[in-house]
Amino acid sequence: MNSKAVLDIFKTIATIPRESGHEEKITRWLVDWAEMHNLEHRKDKTGNVLIVRPAAEGKENVPTIVLQAHQDMVCEKAKHSAHNFETDPLKYVIKDGWMIAEETTLGADDGIGIAACLALLEDKTPTGKIECLFTISEETGMDGAFALKPGFFEGRTLINLDSEDEGQLFIGCAGGIHTDASFRIKTRENIPSSYSCVRLDIGGGIGGHSGDDINKNRMNAVQELARFLYYELKYGFLLISIDGGGKSNAIAREAEAVIAVENAEDTIERFKSFSKDILNEFHTTEPDLTFSSTVVESKRRAVDKRTCRKIITSLFICPHGVYSMNQDIDGLVETSTNLASVHTLEDSVKIQTSQRSSQKSQCDLIAAKVEANFKTFGAVTIHNNGYPGWAPNMNSNILNICVESYRELFNQEPEVKAIHAGLECGLFLEKFPGLDMISFGPTLRGVHAPGEKLDLASLDKFVMLLEDVVCRFR
């Protein structure tokens, strides 16, 4: 097994559409791959796939080990991109030691985990029995992990291949929940003939993962646009639409609003002044921010003034970012919330948020705060079922094996950490009590945002570690 084999498989995976909720093609491809390699496999009615390699001769008594990755990817693209995630293969470049998707997400989260599993399955290195589990819709609700039934796999040790920092071994993660709000637009009002319509745009944000990147002072375009519009309430305007953000687990990179005003020139000047403040506030972390304000034509009527004020005020005060830090692990975010997106329909405005915490009580708390904010202003709010966190186990057998392996391979100590992002491990532990788990992977940057990239040097080390751990597992 080598990193070239892994990368070649990943390049094939990059040609297969696999947005969360639409994994049919990658699921079929995995089943076909297993059949082509004459490997035992099964698929449940949800779409989870298990591919099994039997133990090599002399390794029959080695306990079964489970390798796990998720089939889906976050599909985000730059505003100017014409990429169609339903049909188009992903485009990427190899530059300065990185594999980069410049206009879209790359899908290395978690396509590289899938590729590593398959490369190991077809490798001739003698190991014990290996079960490779590929779950669906991890990014949007961990649907595959929720749907797993007892007996789908037999191993009692699992390596999750969905982490993003080489040299770090993860033994715990946050749990999470999504809280969504909906404002009903009771009436639409005609725009006075003396008014002009102005489109306000904020773009060029880095965005990123709402777990891993929430503490990196990234601009949230929805939050900042709501901030400007809240300031503008005192001058008076009519709201036609406000839209921004994308997936619930991504920080909003772009947002736009169309408003009707009596004096477009004054509004545009205030927006220019506002943009200077934001550029100054994020001058280090957000070097490519863009702001534009343009007089436009609009055939849509305006949201009634009372509903407009409720929408803008609730977006303005909605919690976003780090809520608390872990008291035991230095630098680890304990609890956070992400104001992910807002979209205007003809009769409603829909808002998505997500909350994370390694403590369920704190996750419930921040979700309740978000709910209280929107309900106070009359929105209908709902929570999804959420997913549990994964408590660290410092006495883990697989942890000890991984530390020993890393130390001997690279002559240095790995970092043993918990992660603020959500992994499926918490659900696996609920469904399979006593499961011994660890998570590691190569270095990825910019996940859940256009420009996502994979560090190829770290891929070499990741592949070496995975193979060595599986070979020495006992």
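This is a predicted model: local features need pLDDT of at least 70, side-chain atom pairs count only at pLDDT 80 or more; totals for chains, interfaces and linings use all residues.

Trainee: Let's start with α9 and α11: are they parallel, perpendicular or oblique to each other?
Mentor: Helix α9 covers residues 397-410 and helix α11 covers residues 456-472. They pack at an angle of about 125°, with their axes 9 Å apart. Angles from 65 to 115 degrees count as roughly perpendicular and those over 145 as roughly antiparallel. The pair is therefore oblique.

Trainee: And which residue class leads in that contact of α9 with α11, with how many members?
Mentor: From α9 the contact takes in I398, I401, C402, E404, S405, Y406, E408, L409 and F410, and from α11 it takes in K461, M464, L465, D468, V469 and R472. One residue in the contact of α9 with α11 is polar, five are charged and nine are nonpolar.

Trainee: How does α1 lie relative to α11?
Mentor: Helix α1 is residues 3-13, and its axis is 9 Å from that of α11. The angle between α1 and α11 is about 115°. That makes α1, relative to α11, roughly perpendicular.

Trainee: Which residues of α11 meet α1?
Mentor: The crossing of α1 and α11 is right-handed. By class, the contact of α1 with α11 has five nonpolar, one polar and one charged residues. On the α1 side you'll find S3, V6 and L7, and the α11 residues they meet are L456, L459, D460 and V463.

Trainee: What about α1 and α3: what is the handedness of their crossing?
Mentor: The axes of α1 and α3 are 8 Å apart, at an angle of about 125°. That makes α1 oblique to α3. As for handedness, the crossing of α1 and α3 is right-handed.

Trainee: How many nonpolar residues are in the contact of α1 with α3?
Mentor: From α1, the contact with α3 uses A5, V6, I9, F10 and I13. The α3 side includes A108, G111, I112 and I114, as well as L118 and E122. Sorted by class, the contact of α1 with α3 has one polar residue, one charged residue and, as its nonpolar count, twelve.

Trainee: How many residues in the lining of the largest pocket are charged?
Mentor: Take the classes of that lining in turn. The lining of the largest pocket has 14 nonpolar residues and eleven polar ones. Its charged residues number 15.

Trainee: Which element gives the largest share of the lining of the second largest pocket?
Mentor: The second largest pocket has about 480 Å³ of space. Among its 27 lining residues, S357, S358, Q359, K360 and G389 lie nearest its centre. β8 and α8 (360-376) each supply at least two residues of that lining. The largest share, five residues, comes from β8.

Trainee: Which residues are closest to the centre of the largest cavity?
Mentor: There are four cavities of 30 Å³ or more, and the largest cavity holds about 240 Å³. Its lining divides into six nonpolar, eleven polar and seven charged residues. Of the 24 residues that line the largest cavity, the closest to its centre are E138, N249, R356, Y387 and G422.

Trainee: Now the backbone: which residues does a cis peptide bond join?
Mentor: Most peptide bonds are trans. Here is a cis one, with omega about 5°. The cis bond joins D109 and D110.

Trainee: And where is S137, the residue with a positive phi?
Mentor: Most residues other than glycine have a negative phi. S137 is not a glycine, yet its phi is about 50°. Its place is in the loop between β6 (130-135) and α4 (143-147).

Definitions and conventions: Residues are numbered from 1 along each chain as its sequence is written. Side-chain values use heavy atoms; hydrogens and water are left out. Axes are lines fitted to C-alpha atoms, for helices over the stretch in contact, and angles run from 0 to 180 degrees between N-to-C directions. Helices (H or I, at least four residues) and strands (E, at least two) are DSSP runs, numbered from the N terminus. Angles under 35 degrees count as roughly parallel, over 145 as roughly antiparallel, 65 to 115 as roughly perpendicular and the rest as oblique. Contact means heavy atoms within 4.5 Å. Ala, Val, Leu, Ile, Met, Phe, Trp, Tyr, Cys and Pro count as nonpolar, Asp, Glu, Lys and Arg as charged, and the others, Gly among them, as polar. On a 1 Å grid over the protein atoms alone, a cavity is a set of points where a 1.4 Å probe fits but cannot get out, and a pocket is an open set with protein on both sides within 12 Å along at least five of seven lines; lining residues have an atom within 4 Å of a point. Grid points are joined across faces, edges and corners, and a volume is the space filled by probe spheres set on the points. A crossing is left-handed if the near helix is turned anticlockwise from the far one by less than a right angle, and right-handed if clockwise.
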